[in-house]
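The sequence and the structure are shown first.

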Amino acid sequence: MATLGDSMDVSASGMRAQALRLRISAENMANADTPGYRRKLVGFTADREPGPQGRVTTGPVQLDQSEPAKILDPGHPLADAQGYRTGSNVRSVIEMADAREAQRSYEANLRMFDQARQMSSRLLELLRR
C-alpha cells in the first residue's frame with residue numbers, strides 16, 4: 001500500500017530528474033556557439049531500488065551523435081582549407097522546447113508534492129481532534 005510519504009518521494013524524484021534536464025538544456029544553450037560542442041542528452045529510467053514504485057532516476061548524460069554544423073567562414077582561425085569550420089549540433093528551438101517541457105513537468109511534480117503535503121497536514125489535524 002502506498003502512503004502519502006511514498007507519493008511525496010515519487011514527486012521529489014521527478015523534480016530532481018527534471019531539474020537535471022533543465023540544467024543540461026541550459027548548458028547546451030550556453031555552448032551553442034562553441035565550435036565542435038556536442039549537445040548533451042539525459043535519459044530517464046525506472047528506479048529498481050526498493051521503495052515506492054514510480055520513482056524516476058536519470059541515466060548517464062550522453063552526447064548527441066548527430067553531425068555538428070559546417071559553417072562557411074574563411075576568415076575564422078579554425079577554418080579548414082575549404083573555409084569551413086565546425087559549429088555545434090545544438091538547435092536553439094529544440095533546446096527551448098525541451099526546457100519548456102522540463103519546466104512544466106517539474107511544476108506538475110511540485111503540485112503533486114504539495115497536494116500530498118496538504119493531505120498529510122489535514123490528516124494530522126483530523127487525528128489531533
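## Architecture and helix packing

The protein contains two helices and six strands. The model is predicted. Along the sequence, these elements occur in the order α-β-β-β-β-β-β-α. The radius of gyration of the protein is 21 Å, well over the 14 Å that the globule rule gives for 129 residues, so the protein is more spread out than a compact globule. Taken along the principal axes, the box filled by the C-alpha atoms is roughly 80 × 25 × 15 Å.

Of the 129 residues in the protein, 26% are buried. Among contacts with a separation of 6 or more, 56% are between residues 24 or more positions apart.

The packing of the two helices may be described next. Helix α1 spans residues 4-30 and helix α2 spans residues 92-128. The two pack at an angle of about 160°, and their axes lie 8 Å apart. Because angles over 145 degrees count as roughly antiparallel, α1 is roughly antiparallel to α2. The crossing of α1 and α2 is left-handed.

The residues of this contact divide by class as follows.

| Class of residue in the contact of α1 with α2 | Number of residues |
|---|---|
| Nonpolar | 16 residues |
| Polar | eleven residues |

Notes: Residues numbered from 1 in each chain as written. Predicted model: local features only at pLDDT ≥ 70, side-chain atom pairs only at ≥ 80, totals over all residues. Heavy atoms only, no water. Axes fitted to C-alpha atoms, helices over the stretch in contact; angles between N-to-C directions. Helix = DSSP H or I, 4+ residues; strand = E, 2+ residues; numbered from the N terminus. Parallel < 35°, antiparallel > 145°, perpendicular 65-115°, else oblique. Left-handed = near helix turned anticlockwise from the far one by under 90°. Nonpolar A, V, L, I, M, F, W, Y, C, P; charged D, E, K, R; others polar. Rg over C-alpha atoms; globule rule 2.2 N^0.38 Å. Buried < 20%, exposed > 50% of the residue type's maximum accessible area, 1.4 Å probe, protein only. Contact = heavy atoms within 4.5 Å.
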